[in-house]
Amino acid sequence: MSAEIICVGTELLLGDILNSNAQYLAKELARLGIPHYYQSVVGDNPGRIHQVVEMAIARSSILIFTGGLGPTPDDLTTETLAAFFQTPLVEHPEVLQDITEKFAMRRREMTPNNRKQALLPQGATVLPNPSGTAPGMIWQPKPDLTLLTFPGVPSEMRRMWQETAVPFLQAQGWGKQIIHSRLLKFWGIGESTLATKVADFFDSPNPTVAPYASAGEVRLRVSAKAPSEGEALQLIEPIAAQIQAIAGWDYFGHDEQTLATVVGELLRDRQQTLSVAESCTGGGLGEMLTQVAGSSDYFQGGVISYANTVKTQLLGVSPELLTQLGAVSEPVAKQMALGVQKQLGSDWSLSITGIAGPGGGSDHKPVGLVYIGLAAPDQTVDIFEYRFGQERDRATIRYMSACNALDRLRRKLLDSPS
């Protein structure tokens, strides 16, 4: 018994709309302990929808559809499913009345094509839509097969899922075993290196451990199946603790924690402050810090010193250094860090200067070369050189520069007496 998510809409295939519905439903299925092995996206075409359904019913017992329930000619989900299972459509007067009342309440004219939204396959149960005009359905067209349909509008789908679909699935016996996960996050270690260190955990049946990687950040998802979240956590926590011990300072947090939130917590605990001076990141580091609620407790502010004149006039960087060595150099990163620390009166400061590309690089200073300065309360400065590679795009270089700056500060705070 497993579920399958089928998202209908040509706009999804074209990339015009982000498919957030599939992500939401996948997490909800895990929360209910419903196995989920396949997802499909199909355009607004009856033949192709038929093909997807034919494959899905051979491998899954719960099919969850989103999209294609509106009044326009390309909204084909309901009628296509009825045709596939050779079942006539029946008009539901209560649905038609609900649609009519919603149009009247919004002082909009109801056009005749909206009437098709009141049509459902014979034997299907209405899945009410409190927010919109397109209802869904819960239908069991044959034994051991359940179809649930939802509109593509995320807010409508989510409310319908919570208010009707979840109680229905729980009444069918689902939700007695839930799947709960903890996402462990690491920075400063490669995916393959971490995987080698924790390889023994990948064979664990419950909880399971699986690696994920993105730009710079490595993640391990530890998932357990149990009757409750509390019991799942009892299975997860010993494994998570062992992995954290193996990873050491390369582990920085879990779930919703970010490098910025973790650094903020460390600074707040020490009652210390931070300022930043940015060149190639153009304010990206400051944005990460200020996205954290309450960051004004420890973040003094920053200087976006994109031009050399700003480096000299606001940060006190030596014009001679800029002439001799260029803005992308260790001494300039050092003076930027000390300059913003002095100007803003912070305990700690970070500076970033580099070449984010796509142009501006040379054989001596290629695209992807970045220097990070970290000034401590005693005005000592650590400088870190990174070469992110010319093949990386500008946004990735900027993002990784800001994250590495935060990670260097995190490690320094952990290593320094408070």
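Start by selecting helix α5 together with β4 (89-91) and β6 (125-127): the buried residues of α5 pack against both strands, where contact means heavy atoms within 4.5 Å. Helices (H or I, at least four residues) and strands (E, at least two) are DSSP runs numbered from the N terminus.

A quick word on what you have open. This is a predicted model, where local features need pLDDT of at least 70, side-chain atom pairs count only at pLDDT 80 or more, and totals for chains, interfaces and linings use all residues. Residues are numbered from 1 along each chain as its sequence is written, and side-chain values use heavy atoms, leaving out hydrogens and water.

Now show the side chains of Val-95, Leu-96, Ile-99, Lys-102 and Phe-103, which are buried in α5 (buried is under 20% relative accessible area, exposed over 50%, partly exposed in between, with a 1.4 Å probe and protein chains only). Look down the axis of α5: its buried residues fall within an arc of 125°, so they line one face of the helix. That arc is taken from the directions from the helix axis to the C-beta atoms. Turn to the face away from the buried side and you'll find the exposed Pro-93, Ala-104 and Met-105.

Strands pair if DSSP finds at least two bridges between them.

Finish by zooming in on β1 (residues 3-8) and β3 (residues 62-66), a parallel pair with 5 bridges. Pick Glu-4 and you'll see its bridge partner in β3, Leu-63.
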